[in-house]
Amino acid sequence: MNIAAEGHGYNVLGVPIAEVIVGLIAFGVLLFVLTKYVFPRMESMFQQRVEAIEGGLVKAEKAQAEAAALLSQYKAQLAEARTEAARIRDEARADAEGIRADVLAKAKEESDRIIAAGRDQLAGERASIVRELRTEMGALAVSLAGKIVGESLEDEARRRGTVERAMAELETAGAR
Amino acid sequence: MITQPGFLAEDFPPSVETFDFKSLIPSLEGTFWGPAFTKLTLLIWIAVAVVIVFFLATYRNPTLVPTKKQWLAESVYGIVRNNIAGEIIGVKDGIRFAPYLATLFVFVFVTNLWSIVPLAQISPNSHLAFPVVLAVMSWLIYIALGIRKHGLFGYLKHACIQPGVPWWVQPILIPIEFISNLILRPITLSVRLFANMFAGHMILLVFTLGGVALWTNGALLLKPAAIGSWVFAIVMTLFEFFILSLQAYVFTLLTATYFQSSISEEH
């Protein structure tokens, strides 16, 4: 294959060894410099970029997980607060019911007591009135009778019988 | 008659002689080391220097959030790393070849680029020697990878025997597979790149020198044709940019494919 241009005529398919050597050295130099000083730095840069992105993703994931945990915590707290409020409401309602019943009971007792006291007083007053009337009635009746009849009653027995009868009648009328 | 390519009507039509570059050191002309100091090798060195300076400068202080230039440098490596090494060979085994493949891509691309850079206007890869260097290097690497992975005979079997083929086809198939997988690959790889850059340069010469020939012909009617020829030279220059990028990509892609076929478990 090594047919360099010789004399006249140029061999298109000639492969001069000198050109091969130049090509080898030139490519070798390029390969050496790029492989040693450029491409590894690019690889590390690509790697750093991947890490930066993945780091960001991990961070975002962590933040999201944190947010989710907080949310569920808040939800739990909210639910707890709700049940607490409901419990308090129920308790309050029960308390109110108890108080109402108490008050009612007390009021009833009081009214009963008042009614009973009233009734007792009435009964006492009535009894005293009856007693007064009874004592007064006799005197009044006797004085009335004395006025009506004018003179003294001759017969003791008759007098006594009239008074007794009048008393009995009064008694029955008072008892009514 | 050996001449440097120039814008002279006598140079039309361009011949293969336009690819014969004289040594920049006149005393070495015609000697063994003559071809080592030509315009092409100078372009090779400039390309290597430019690439090294570009990468070292843009990646001197890399930051996590890249600057535009840093992003560009990273993209060159990143595309070869992810879209060629990662996809073809596999993320697990492929990334370790990424530096070689990326260097290969950058080297081929930038040396190809000389074919449309004003004043240079010729790609070193239009001399077969440079694609041969790269192709043979890839060839040696993928054979070494195969032997290390499967052993010498294991690799021969791996490379030459297609499983699931009727036994009576094997006598035909094995030689074909052997030749195509172990012998022809570096040749096709280098000739593909060389021929594309050679033909691209030829086409640009035809339109540019053709325009010169038409313009200096003297006939007034041919002047517009000369301008049309130059316009088409510009169009073909843009097309050449597409071709040279594609060839750099294809060269790298095929190398990666060969690596993958060597280290794969199954066929």
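**Confidence**

I began with chain B, where the mean pLDDT is 88 and 95% of the residues reach 70 or more. In chain B, pLDDT stays under 50 over residues 1-6. The model still gives those residues ten contacts beyond four places in sequence. For chain A I noted an average pLDDT of 85, with 88% of the residues scoring at least 70. Residues 1-8 of chain A are below 50, and this stretch has 13 contacts in the model beyond near neighbours in sequence. Where pLDDT is low, the predicted coordinates should not be read in detail. I also wrote down the scores for the model, ipTM 0.88 and pTM 0.71.

**The two chains**

I looked up the secondary structure of each chain. Chain B has eight helices and zero strands, and from the N terminus on its elements run α-α-α-α-α-α-α-α. Chain A has two helices and, again, zero strands.

I then looked up burial. In chain B, 37% of the 267 residues are buried. In chain A, 9% of the 176 residues count as buried.

**Helix 1 of chain B**

I went through this helix residue by residue. Helix 1 of chain B covers residues 39-58, which is 20 residues. From its first C-alpha to its last it reaches 28 Å, close to the 28 Å expected at 1.5 Å a residue.

Which residues of helix 1 of chain B are buried? I listed Leu40(B), Thr41(B), Leu43(B), Ile44(B), Ala47(B), Val48(B), Val51(B), Phe55(B) and Thr58(B). They lie on the same side of helix 1 of chain B, because they cover an arc of only 160° around the axis. An α-helix has 3.6 residues a turn, so residues three or four places apart point the same way.

The face turned away from that buried side carries exposed residues, and I noted Val50(B), Val53(B) and Ala57(B) there.

What covers the buried residues of helix 1 of chain B? I found that the cover includes helix 2 (68-89) and helix 4 (98-113) of chain B, together with helix 1 (17-149) of chain A.

**Where the chains meet**

I looked up the contacts between the chains: 34 residues of chain B are in contact with 32 residues of chain A. On the side of chain B that touches chain A, helix 1, helix 2, helix 4 and helix 5 (129-150) of chain B each supply at least two residues. The largest share, eight residues, comes from helix 1 of chain B. By residue type, I recorded 27 nonpolar, four polar and three charged on this side of chain B.

**One residue in chain A**

I picked out Leu144(A), which is found in helix 1 of chain A. Is Leu144(A) buried or exposed? It is exposed, because 11 other C-beta atoms lie within 10 Å and the cut-off for exposed is 12 or fewer.

I also looked up the separation of Leu144(A) from Gly118(A). These two are 26 residues apart along the chain, and their C-alpha atoms are separated by 36 Å.

Note on methods. Residues numbered from 1 in each chain as written. Chains lettered and ligands numbered in written order. Predicted model: local features only at pLDDT ≥ 70, side-chain atom pairs only at ≥ 80, totals over all residues. Helix = DSSP H or I, 4+ residues; strand = E, 2+ residues; numbered from the N terminus. Expected span 1.5 Å × (residues − 1). Buried ≥ 20, exposed ≤ 12 C-beta atoms within 10 Å, placed from the backbone. Arc of directions from axis to C-beta. Contact = placed C-beta atoms within 7 Å. Nonpolar A, V, L, I, M, F, W, Y, C, P; charged D, E, K, R; others polar. pLDDT = per-residue confidence, 0-100.
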